[in-house]
Amino acid sequence: MSEMAVAIEDFLGERARRNDSPHTLRNYGADLREFLEYFSPPGMEPPEFSGIDLLSLREWLAHLYSREQKPATIRRKLASLRALFRFLSREHRIERDPARLLRLPKTPKTLPDVPNTEVTNALVDGASREDLGRPFPARDRLLLELLYGCGLRISEAVGLNLEDFDRGERWVRVRGKGRKERQVPYGSKAAEALDLYMGVRQSEVEPHALFLNFRGRRLTDRGARNVVKFYATYVAGDSSIHPHTLRHAFATDLLSHGADLRAIQELLGHARLSTTQKYTHVSLVDLMRVYDNAHPKAKQ
């Protein structure tokens, strides 16, 4: 194994010991192994990290641009590389860190596409329909209720355990990014869905996991996304709706009904208020749409 490959594996091991999420570790691994592959021409060993300078990194960056990758993807790959070089510098494996001199590409500011309340409610309520022939309708309904009713990320939802719920006070403990925990309340519809699901849930393989697949094991991220995609397609008639859409709808509905921005930040588990503030722009867009359609002076 080359020196570069060993360093990457050491870095991933260190991140795992820091309790990075499996999703984060997968991204780090994929990005850095792609970086290693670029510097490993057929029949040749890749250079040592001490031999990689700023010019080499800019060449690699130009390669990413030539493949017409999106700015957000390039930013993620650069973040992975910077984290690796910080690790190497900390471990005194390199004298200089050229990655810190690389500029991140700017990403266009886009607003999240949020369906209206009627569409979202129809999607969630659609899990109760008997004509769809779903094998686990009670599970699907609870998943949708928690994604929309609590604003959970899909990884947070599938990571829930039975002991995370305080069914008396209607609180659920959620493990978010960076293993940070937060308490999120859930409403009467989610409580009803939870009681219904617990009445049919059976598993000797995964006694703690909340959501289970047909094998009785913890439902995966991909499995949960497929559940949402099914109902988005066959109930809402919009296959573009995905789990994060429901999280956006949760935040937007709270804001439009007068919720404090900092309270929404806590519920969503955002580290920065600026991340939450994008929902104020969504609300302004909605207000302008209402104004344009309803006010007699709008079109004069």
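Contact here means heavy atoms within 4.5 Å. I note at the start that this is a predicted model.

**Entry 1: helix 9**

I looked up helix 9, residues 221-234. It has 14 residues, and from its first C-alpha to its last it reaches 20 Å, close to the 20 Å expected at 1.5 Å a residue. I then asked which residues of helix 9 are buried. They are Gly223, Ala224, Val227, Val228, Phe230, Tyr231 and Ala232. I went on to find what the buried residues of helix 9 pack against. The partners are helix 5 (117-125), helix 6 (137-149), helix 7 (154-158) and helix 10 (243-256).

Phe230 came up again when I looked for charges over rings. The charged end of Arg134 sits over the ring of Phe230, 4.3 Å from the ring centre.

An open sheet is formed by 3 strands in the order 1-2-3, and their pairing is antiparallel. Strand 1 (165-166) and strand 3 (181-185) each have a single partner strand, so one side of each is left without a neighbour in the sheet.

I took the pairings one at a time. Strand 1 pairs with strand 2 (residues 171-175) over 2 bridges, in the antiparallel sense. Here Phe165 stands opposite Val172 in strand 2. The two strands form a hairpin with 4 residues between them. In that turn I found Arg170 with a positive phi of about 60 degrees.

Strand 2 is joined to strand 3 by 5 bridges, and these strands run antiparallel. Across this pairing, Trp171 stands opposite Pro185 in strand 3. The hairpin of strand 2 and strand 3 has 5 residues between the strands, and Gly178 takes a positive phi near 70 degrees in it.

I also checked the faces of strand 2. In a regular strand the side chains alternate between the two faces of the sheet. Val172 and Val174 make up the covered face of strand 2, while Trp171, Arg173 and Arg175 are on the uncovered one.

**Entry 2: aromatic pairs**

How many aromatic pairs does a search of the whole structure find? I noted 10. A pair of aromatic rings is described by the distance of the centres and the angle of the planes.

One pair I looked up is Tyr38 and Phe39, which is edge-to-face at 5.0 Å centre to centre, with 85 degrees between the planes. Are these residues buried or exposed? Tyr38 is partly exposed, with a relative accessible area of 26%. Phe39 has 11% relative accessibility, which is under the 20% cut-off, so Phe39 counts as buried.

A further pair is Phe165 and Tyr186, edge-to-face at 5.7 Å centre to centre, with 75 degrees between the planes. This pair links distant parts of the chain, 21 residues apart. Phe165 lies in strand 1, and Tyr186 in the loop between strand 3 and helix 8 (188-198). Phe165 counts as buried at 12% relative accessibility, and Tyr186 counts as buried at 6%.

Last, I followed the ring pairs around Tyr38 and Phe39. They link Phe35, Tyr38, Phe39 and Trp60 into a cluster.

How values were computed:
Residues are numbered from 1 along each chain as its sequence is written. This is a predicted model: local features need pLDDT of at least 70, side-chain atom pairs count only at pLDDT 80 or more; totals for chains, interfaces and linings use all residues. Side-chain values use heavy atoms; hydrogens and water are left out. Two strands pair if DSSP finds at least two bridges between them. The expected span of a helix is 1.5 Å times one less than its number of residues. Buried means under 20% relative accessible area, exposed over 50%, partly exposed in between (1.4 Å probe, protein chains only). Rings of Phe, Tyr and Trp (its six-membered ring) pair if their centres lie within 6.5 Å; planes under 30 degrees apart count as stacked, over 60 as edge-to-face and the rest as tilted. A charge sits over a ring if NZ of Lys or CZ of Arg is within 6 Å of the ring centre and within 35 degrees of the ring normal.
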